[in-house]
Protein chains: 2
Amino acid sequence: MTDKSNKLKARLPRGLVDRAPAEIASTRAMLEKIRAVYELYGFEPVETPAIEYTDALGKFLPDQDRPNEGVFSFQDDDEQWLSLRYDLTAPLARYVAENFDALPKPYRSYREGWVFRNEKPGPGRYRQFMQFDADTVGSASMAADAEICMMAADTMEALGLRGQYVVKVNNRKVLDGVMEAIGLSGDENAARRLTVLRALDKYDRLGEAGVAALLGPGRKDDSGDFTKGADLEKQQIEYLVKFISIASTINSSIREEEATLTERSGRSSKIGEQNFYESNRALLTVLPQQVPLVETGYDGLEELMQLCVLCDAASYSPIQIRFDPSVVRGLEYYTGPVYEVELLLETKDEKGRPVRFGSVGGGGRYDGLVSRFRGEPVPATGFSIGVSRLAAALALVNKRDAQQSFGPVVVTVFDQDRIADYQRMVAELRAANIRAEMYLGSGKFNPQMKYADKRNAPCVVIQGSDEKNDAAGEQVIVKDLVLGAELSKLEKGRDEYLQKQAEAQRKVPRDQLVKTVQEILARHGVKTRVA
Amino acid sequence: MTDKSNKLKARLPRGLVDRAPAEIASTRAMLEKIRAVYELYGFEPVETPAIEYTDALGKFLPDQDRPNEGVFSFQDDDEQWLSLRYDLTAPLARYVAENFDALPKPYRSYREGWVFRNEKPGPGRYRQFMQFDADTVGSASMAADAEICMMAADTMEALGLRGQYVVKVNNRKVLDGVMEAIGLSGDENAARRLTVLRALDKYDRLGEAGVAALLGPGRKDDSGDFTKGADLEKQQIEYLVKFISIASTINSSIREEEATLTERSGRSSKIGEQNFYESNRALLTVLPQQVPLVETGYDGLEELMQLCVLCDAASYSPIQIRFDPSVVRGLEYYTGPVYEVELLLETKDEKGRPVRFGSVGGGGRYDGLVSRFRGEPVPATGFSIGVSRLAAALALVNKRDAQQSFGPVVVTVFDQDRIADYQRMVAELRAANIRAEMYLGSGKFNPQMKYADKRNAPCVVIQGSDEKNDAAGEQVIVKDLVLGAELSKLEKGRDEYLQKQAEAQRKVPRDQLVKTVQEILARHGVKTRVA
């Protein structure tokens with residue numbers, strides 16, 4: 001087993017990562033805040049396993065008699081194909097269909113969990129990542145969609161992102177209307193429609209020329225990779241580019257107008273907000289005047305107007321929830337409103353250029369997913385947060401708030417024969433709710449102090465035989481490592497140095513151990529844990 | 001898509017389950033308590049992904065060039081075998097080996113997570129379940145093992161299980177000594193040793209005869225299933241049965257003695273505890289006098305004695321942490337102390353007979369797991385809690401404490417044209433931190449009241465056109481569903497009935513909606529959430 005030549009390599013498969021304490025702690029705090037908002041909205045938790053039948057996930061390729069390559073799949077003992085879930089929506093659809101009669105309807109629920117994608121990993125793209133979803137199943141009302149958008153906005157507010165996010169809303173029917181207008185309706189055009197939607201989705205990043213290329217023969221990116229396009233005709237491409245760019249132009253002009261007003265008023269919001277308040281309705285009115293749609297498209301706009309009225313009624317402004325026709329969402333199964341939460345924070349792209357942080361979540365109405373199982377229409381709408389991406393965004397925002405967190409108090413072992421004594425000290429500290437540990441290695445004093453540094457211990461406890469057998473009765477030394485570090489920066493011998501030196505290392509009677517440690521922790525603002 | 005004949009079946013693969021709100025909430029509360037204890041001990045969180053290289057998990061069968069059947073496995077694009085983790089220990093070993101230089105040593109860490117076993121599911125046996133582990137890597141000291149045992153005991157105390165659990169400790173070296181004494185040492189007997197350990201592990205359940213059969217040719221259980229045995233000779237079997245039953249006899253006699261003393265003293269613990277206090281040492285002394293061991297066995301007893309001294313020093317009694325030679329733990333990789341947390345609660349077996357709840361966690365020292373990667377010895381010890389089993393035990397204990405929990409306040413929709421008005425009411429309630437929702441379905445009034453009942457709503461809000469256009473100004477009706485239910489049990493017309501009837505349905509001015517709902521929630525002890 002310990003033959004070096006034969007040893008195993010310790011490594012993870014690509015696209016998979018371990019999570020360290022700071023990330024775990026900040027993610028946990030974030031999840032608690034999201035959960036509190038969802039609970040307030042009356043949503044209840046439900047969890048499904050990571051493994052499902054491949055066909056239940058809709059990832060079985062019937063023509064080829066095997067699962068889609070994008071999911072991790074394996075065969076069960078009875079030869080049936082199983083897959084790891086690639087999102088939390090397909091398993092929810094299975095769950096609702098399986099428990100349909102027992103559930104209240106409409107059924108509001110939320111869940112967090114790991115999902116798995118067998119795809120090429122990249123920067124920020126993993127093969128396992130966490131999602132946090134909320135869904136309402138059994139309601140066709142636009143009020144259900146409006147509620148999801150408001151809940152998304154409230155979540156961002158609860159996370160302290162006020163003014164730094166926008167919930168962008170569009171409707172799949174508007175896009176369908178656009179595609180019908182250029183002759184891309186019907187089952188035979190399904191694949192091509194998907195390619196078109198994916199191309200439009202890239203407008204923010206690639207601009208008109210890039211999208212036009214993807215709608216035509218295809219596009220070669222900076223790295224030389226070629227993406228095949230939708231092969232549309234010139235006329236079709238022109239119509240689509242007009243649609244997507246007009247929408248964007250209207251948005252920008254409203255944004256500019258708002259900026260000017262804000263600047264002129266010398267205040268950051270009030271007048272701007274008043275004016276901006278009408279922007280959703282303005283866009284919904286202007287768009288069809290500029291781009292002719294077919295009936296489906298007008299249905300979509302009508303639904304968006306309903307959503308808009310409900311958000312107004314609950315006092316959400318378009319600064320929080322905004323109609324944006326450039327929102328596409330790539331997934332095939334959306335049938336009505338689609339949403340995307342975009343963070344407006346600036347960050348850097350791979351090349352160091354400033355870019356908006358971008359999407360941290362999205363969703364939409366998917367009226368077909370549950371009905372696959374039920375054989376009857378079951379309307380549904382839902383929203384998914386990309387937990388790791390949102391956590392990364394919060395880390396950017398909260399950088400200034402990140403305060404130093406201390407490790408446990410370390411009780412050093414001066415004499416291996418007396419570890420029972422040291423163990424007793426640790427037990428006393430823990431009984432007083434102080435995070436503490438005894439050094440468990442075999443190192444001498446110096447390695448123990450290095451260990452305490454590495455653990456970021458606020459202080460260490462030391463007891464050699466001198467202290468144990470002190471003429472004045474048993475003593476312990478408590479060494480304040482934070483003061484110790486400050487001390488090393490001061491000039492020796494000065495009054496301040498001498499005073500701090502005395503405070504940094506105190507010899508106290510054994511029975512004052514807990515009290516002394518508590519004083520040092522209080523000095524540095526370390527909270528002792530409450531059970 | 002909605003063709004009934006063609007519809008998909010909504011079902012889960014066997015051995016996998018969904019989790020409902022009550023289970024999710026109680027498990028979450030339990031995990032928080034465990035986490036608090038582990039943090040107090042200075043352990044820090046770390047998480048690894050669900051997928052690892054099969055060989056890193058030690059589950060690749062080199063002779064057969066494929067993964068062990070007990071794990072879910074699949075090949076990556078580059079043909080390498082990946083598996084879902086089947087416990088949290090093997091991934092931790094990989095993590096520590098991969099990050100060895102950066103980690104403080106000894107390294108204390110904890111983690112919770114789902115693990116997957118591709119095994120035959122049964123009652124209470126799932127193919128996906130959650131574990132909560134804590135490990136100390138890099139310490140060969142018995143103090144590390146003692147600490148894990150104390151932490152296990154503190155965790156049970158924190159969960160309110162005082163007096164209802166025991167942490168049982170044994171040492172693999174004692175068992176190795178026993179096996180060496182009957183000529184089962186050496187690599188060539190590895191498989192047989194494992195069969196023997198598994199047989200001894202069943203002593204509590206099968207008794208002497210059952211274990212003897214499993215040590216011999218094999219055993220047929222009640223269902224007719226045959227388990228192949230270790231094929232030992234008569235003499236070997238007799239020695240092993242003597243070892244396992246003597247250990248058990250000593251334990252019982254101490255238990256009896258304690259029970260007598262407790263009874264006589266008329267109090268439940270003090271005298272018993274005093275006497276019992278010496279039982280660990282007594283057993284460690286008596287055992288080798290009864291069953292001759294070889295040197296390895298005496299090393300094991302010496303380690304147990306050290307562990308015993310440390311637990312004494314930190315004031316743990318043998319009622320909490322106890323030496324028990326019948327503890328085996330089936331896993332191959334243990335090299336020293338092994339632990340098991342047993343719950344003493346009574347429950348029923350499949351046949352309705354009362355049995356102890358049994359093991360909810362266990363672990364031990366595994367000095368070989370990390371060194372597989374490092375090519376140098378890396379001592380380690382750890383402990384794993386079976387989260388679902390422990391949660392089930394707590395549900396048994398806490399049955400009496402289970403208080404009714406209410407769902408959200410439901411705002412009914414009397415007039416679909418006015419949903420913006422109802423939406424505004426919900427937004428006001430939520431802004432006051434009251435869990436609330438608007439009815440999102442298409443049902444008339446009766447289905448809405450049934451929905452509110454199913455959601456276990458404490459009250460509903462109603463506003464028809466009469467209330468909207470009331471001569472005294474806009475009104476709302478708030479109906480207390482809890483009082484309403486009580487009312488239905490009372491005789492109509494009595495004073496109490498009339499008084500409750502008035503309280504159960506109140507018409508109040510619109511601007512008193514939030515205040516009125518708050519009063520009703522307070523009446524029933526519903527806490528409004530704090531953000």
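Which strand order does the open sheet of three strands in chain B have? I looked that up first, and the order is 2-6-5, with antiparallel pairing.

**Ground rules.** I am working with a predicted model, where local features need pLDDT of at least 70, side-chain atom pairs count only at pLDDT 80 or more, and totals for chains, interfaces and linings use all residues. Residues are numbered from 1 along each chain as its sequence is written, while chains are lettered from A and ligands numbered from 1 in the order in which they are written.

I take helices (H or I, at least four residues) and strands (E, at least two) as DSSP runs numbered from the N terminus. I call two strands paired if DSSP finds at least two bridges between them. Strand 2 (51–53) and strand 5 (73–75) of chain B each have a single partner strand, so one side of each is left without a neighbour in the sheet. Neighbouring strands here are turned by 35° against each other on average, direction ignored. I then checked strand 5 of chain B against strand 6 (residues 81–84) of chain B: they pair in the antiparallel sense over three bridges. Ser73(B) has Ser83(B) in strand 6 of chain B as its bridge partner.

**The eight-stranded sheet.** Chain B also holds an open sheet of eight strands, and I noted its order as 1-7-8-15-14-13-9-12, with mixed pairing. Its edge strands are strand 1 (44–45) and strand 12 (321–323) of chain B, each pairing on one side only. Helix 10 (residues 295–313) of chain B packs on this sheet and touches strand 9 (165–171), strand 12 and strand 13 (337–348) of chain B. For contact, I use C-beta atoms, placed from the backbone, within 7 Å. The direction of helix 10 of chain B makes about 145° with that of strand 9 of chain B; axes are lines fitted to C-alpha atoms, for helices over the stretch in contact, and angles run from 0 to 180 degrees between N-to-C directions. Strand 14 (residues 354–365) and strand 15 (residues 380–386) of chain B pair in the antiparallel sense over five bridges. Arg365(B) stands opposite Thr381(B) in strand 15 of chain B.

**A helix pair.** Helix 1 (residues 21–40) and helix 12 (residues 387–397) of chain B pack at an angle of about 100°, with their axes 10 Å apart. That makes helix 1 of chain B roughly perpendicular to helix 12 of chain B, a label for 65 to 115 degrees. I found Glu23(B), Ser26(B), Thr27(B) and Met30(B) of helix 1 meeting residues of helix 12 of chain B, including Val387(B) and Leu390(B).

**The two copies.** A rotation of 180° with 0.0 Å of shift along its axis superposes chain A on chain B, RMSD 0.1 Å. The two copies are thus related as by a two-fold rotation axis. I note that the superposition is by least squares on the C-alpha atoms of residues with pLDDT of at least 70 in both. In chain A, the C-alpha of Phe74(A) is nearest the axis, 3.0 Å from it.

**Where they meet.** I found 88 residues of chain A in contact with 88 residues of chain B. Helix 13 (residues 419–431) of chain A gives the most to its side, with six residues. 100% of the interface residues of chain A are also interface residues in chain B, so the copies meet through the same surface.

**Last look.** Chain A has 18 helices and 20 strands.

Note on methods. Two residues are in contact if their C-beta atoms, placed from the backbone, lie within 7 Å. Angles under 35 degrees count as roughly parallel, over 145 as roughly antiparallel, 65 to 115 as roughly perpendicular and the rest as oblique.
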